[in-house]
Amino acid sequence: MTEAQRAPADEAPAGVIRTLRELPRPAIVLLFGIALNRMGSFVALFLVLYLTGIGYSPAQAGFVLTGFGVGSIVGTFVGGSVTGRFGARAVIVWSMLLCGLSTAGLAAVTAIVPLLVVGFAAGAFGQMYRPAAATMLAELTPPQRLVMTSAAGRFGLNLGAAVGPLLGVWLAAAFSYQVVFVVNALVDLLFAAVVWLVIPTGSGPGAREATAAPGDTATLGDAAVPADTARYRDLLRDRRFLLFLVGMFITAVAEVQYQSTLPLEVQQRGYPTALYGAVVALNGALVILVELPLTTLIQRFSMRATVAAGCLLLGVGLGLFGLPFGPWVFILGAVVWTLGEIISAPSIGAYPALAAPTPALRSRYIGALSTCQTAGWAIGPSVGTALFEYVGGAVWVMCAGLGVLAYLGMRAGVRDLVPR
């Protein structure tokens, strides 16, 4: 056991450098692997452009992209179960292998039905690794460091999300969309190989080792694992965690409006598309530059306070986009919304692993969070664009209202856990 894993539970939260320095090597490798995988994930960004370019209508291309989105929801849900059954390391390796093959298949098939099947598979296997990676990171990280480690993981994801589209655009312009998907597949296979070769089977003790039930010897890897008796239905007895999940779902419904409805709002008011680009760029820049150092302070507050306040600010910030003022209101809304994201997201990422009552349920708690978020992101655009079309600014009122509801749900549902 490393010195970091022997750290006392009541030790004060550490800063970024100390947290990363104390993490075991497998955790560092996993963080880099997650960032690399995000940087090379191009399917959702370029699938519609690729399909319309080979002759499909926008509706048909959207149908295939919907299949990819449905697969993503299924993948996050199933990922929680198979991680508990087979171990996080095995799930990451196999899901990335199968995702790589499915993504490469998008460049090889042209008929609509095979495209729908392969797109669904790419979405499912591409998201199946998320609960497994989060579970492994929780296993490798001392509980009192988990919020900061979650912030470090988000830094890598956001950096990858910023660089990835630029790389994808260059590949598409210099070569073709088929090459974009092949590179995506190669990155998935590289991630699988790194996890298989570098992260040993059964790395690290459980993040809640001290409270593990006698005889519960589930590990990270693909070694023998006792019969897995945990089920998603076990979550139904945890009513407070269910409130947390509801809060996450409605927060995701609100948050995704910046992708689906905000560009329509900017266009309708007669502002240039560059304003929308500036808003999105401001969000990404603030998260990348501010979240890690600010988390050093935020992690000293209770999880209930940070999660609830962050969700409220996120909804209110989005609601500001509906105010009938000049373009500056979009910048103000972006700052408030981003501040809410920065305050809440690291604690949200850490919370399910700490809230799970047993190590066997940890991957289900993490998988339930991922599923609710993914479902909200999938459903939100349809709700928001319909409201925008028929009721105009009501969509931004909805966002503010969802922020208030999420705040109330998180205040009631999130426990002030003491890592142990």
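Which residue lies over the face of Trp196, and how far is it from the ring centre?

Reply: Arg89 lies over the face of Trp196, at 4.4 Å from the ring centre. A charge counts as sitting over a ring if NZ of Lys or CZ of Arg is within 6 Å of the ring centre and within 35 degrees of the ring normal.

Some ground rules come next. This is a predicted model, where local features need pLDDT of at least 70 and side-chain atom pairs count only at pLDDT 80 or more, while totals for chains, interfaces and linings use all residues. Residues are numbered from 1 along each chain as its sequence is written, and side-chain values use heavy atoms, leaving out hydrogens and water.

Back to Arg89. Its place is in helix α5, residues 88–106. Helices are DSSP runs of H or I with at least four residues, strands are runs of E with at least two, and both are numbered from the N terminus. Arg89 has 6% relative accessibility, so it counts as buried. Buried means under 20% relative accessible area, exposed means over 50%, and partly exposed is in between, using a 1.4 Å probe and protein chains only. The side chain of Arg89 also reaches the backbone oxygen of Ile199, at 2.7 Å. That is a polar contact: N or O atoms within 3.5 Å, where within protein one must be able to donate a hydrogen and the other to accept it, and residues adjacent in sequence count only if both atoms are side-chain atoms.

Next, helix α8. Asn184 lies in this helix. Asn184 is buried, with a relative accessible area of 3%. Leaving out residues up to four places away in sequence, Asn184 touches Gly40, Ser41, Phe42, Val43 and Thr103. Such a contact means heavy atoms within 4.5 Å. A polar atom of the Asn184 side chain lies 3.4 Å from the backbone nitrogen of Val43. Asn37 is 147 residues from Asn184 in sequence, yet their C-alpha atoms are 8.3 Å apart.

Now the rings. The whole structure has 15 aromatic pairs. One of them joins Tyr50 and Phe181, edge-to-face, with 5.2 Å centre to centre and 85 degrees between the planes. Tyr50 is in helix α3 (residues 43–53) and Phe181 in helix α8 (residues 177–198), so this pair ties together parts that are 131 residues apart in sequence. Both Tyr50 and Phe181 are buried. Another pair is Phe241 with Tyr365: the centres are 4.3 Å apart and the planes at 40 degrees, so the pair is tilted. Rings of Phe, Tyr and Trp (its six-membered ring) pair if their centres lie within 6.5 Å; planes under 30 degrees apart count as stacked, over 60 as edge-to-face and the rest as tilted. Phe241 is in helix α9 (residues 239–255) and Tyr365 in helix α15 (residues 359–391), so parts 124 residues apart in sequence are tied together. Phe241 counts as buried because its relative accessibility is 0%. Tyr365, at 1%, counts as buried too. Ring pairs also link Tyr258, Tyr271, Phe321, Phe330, Trp337 and Trp396 into a cluster.

Phe241 also takes part in helix packing. It is among the α9 residues that make the contact with α14, and Trp337 is among those of α14. The two helices pack at an angle of about 145 degrees, with their axes 12 Å apart. Axes are lines fitted to C-alpha atoms, for helices over the stretch in contact, and angles run from 0 to 180 degrees between N-to-C directions. The crossing of α9 and α14 is left-handed. Left-handed means that the near helix is turned anticlockwise from the far one by less than a right angle; clockwise is right-handed.

Helix α14 (residues 328–355) also packs against helix α12 (residues 273–298), at an angle of about 35 degrees and with axes 8 Å apart. That crossing is right-handed. Its contact includes Leu275, Val279 and Leu282 of α12, with Phe330, Ile331 and Trp337 of α14.

At 18% relative accessibility, Val336 counts as buried. Beyond four places in sequence, Val336 touches Leu313, Gly317 and Leu320.

Finally, the whole protein. It has 16 helices and 0 strands. Buried residues make up 51% of its 420 residues. Of the contacts with a separation of 6 or more, 85% are between residues 24 or more positions apart.
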